[in-house]
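Colleague: I would like to learn how to read helix packing in a model. Can we work through one together?

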Amino acid sequence: YNMYTKFFADTILILHFLVIIFIISLYFLIPYGYSKNWKFVKNYKIRLAHLMLIFFITLETFLGIICPLTTLENDLRGQSYSESFISFWISKVIYWDLPTTFFIVVYTIFLIFAIIFWLKFLPKKNHN
């Protein structure tokens, strides 16, 4: 476990955190941004990425598969845990020690909302 491995593990953790922020923030930004006619919340590629990410997360949770980003970060860290300030707090925010059933329910609810948002706030393939 060297400084490069730690750097890559921290980078994966930050990427993981940014994916989570992207997913969660769009649940607020889509309805609000749609009412304000923000173009990016109508962007087909952004909306498809959002829907596919929450679908993938829900599916992997149902199947009992650990997130590939978590697996990669854990593999890079080995048995050692990074003690950097950023990785410590980001880990506390994104990794919760709760039963799998909790995550299945929460992710399923988020997936249902993503589908509802897709239908109610239609994305535009040509958003210009």
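Predicted model: local features only at pLDDT ≥ 70, side-chain atom pairs only at ≥ 80, totals over all residues.

Colleague: Start with the fold. How many helices and strands are there in the protein?

Modeller: Five helices and zero strands. Along the sequence the pattern reads α-α-α-α-α. The C-alpha trace spans about 50 × 30 × 20 Å along its principal axes.

Colleague: What share of the 128 residues is buried?

Modeller: Buried residues make up 30% of them.

Colleague: Now a helix pair. At what angle do H1 and H3 pack?

Modeller: Helix H1 covers residues 3-35 and helix H3 covers residues 68-77. Their angle is about 160°, and the axes lie 8 Å apart. H1 is therefore roughly antiparallel to H3, since angles over 145 degrees count that way. The crossing of H1 over H3 is left-handed.

Colleague: Which residues of H1 and H3 make the contact?

Modeller: From H1, Thr5, Lys6, Phe8, Ala9, Asp10, Ile12, Leu13, Leu15 and His16. From H3, Leu69, Thr70, Leu72, Glu73, Leu76 and Arg77. Sorted by class, this H1–H3 contact holds eight nonpolar, three polar and four charged residues.

Colleague: Which way does H2 run against H5, roughly parallel or roughly antiparallel?

Modeller: Use the angle again. Helix H2 (residues 44-62) and helix H5 (residues 100-120) pack at about 155°, with axes 9 Å apart. So H2 is roughly antiparallel to H5. Their crossing is left-handed.

Colleague: And what residues meet there, in H2 and H5?

Modeller: H2 brings Tyr44, Arg47, Leu48, His50, Leu51, Ile54, Phe55, Ile57, Thr58, Thr61 and Phe62. They meet Thr100, Phe103, Ile104, Tyr107, Thr108, Phe110, Leu111, Ala114, Ile115, Phe117 and Trp118 of H5. The class count for the H2–H5 contact is 16 nonpolar, five polar and one charged.

Colleague: Back to H3. Are Thr70, Glu73 and Arg77 buried or exposed?

Modeller: Thr70, Glu73 and Arg77 are buried in H3. To place them, check the arc around the axis. They cover only 65°, so they sit on the same side of H3.

Colleague: What follows H3?

Modeller: Gly78. Check its backbone: phi is positive, near 65°.

How values were computed: Residues numbered from 1 in each chain as written. Heavy atoms only, no water. Axes fitted to C-alpha atoms, helices over the stretch in contact; angles between N-to-C directions. Helix = DSSP H or I, 4+ residues; strand = E, 2+ residues; numbered from the N terminus. Parallel < 35°, antiparallel > 145°, perpendicular 65-115°, else oblique. Left-handed = near helix turned anticlockwise from the far one by under 90°. Contact = heavy atoms within 4.5 Å. Nonpolar A, V, L, I, M, F, W, Y, C, P; charged D, E, K, R; others polar. Buried < 20%, exposed > 50% of the residue type's maximum accessible area, 1.4 Å probe, protein only. Arc of directions from axis to C-beta.
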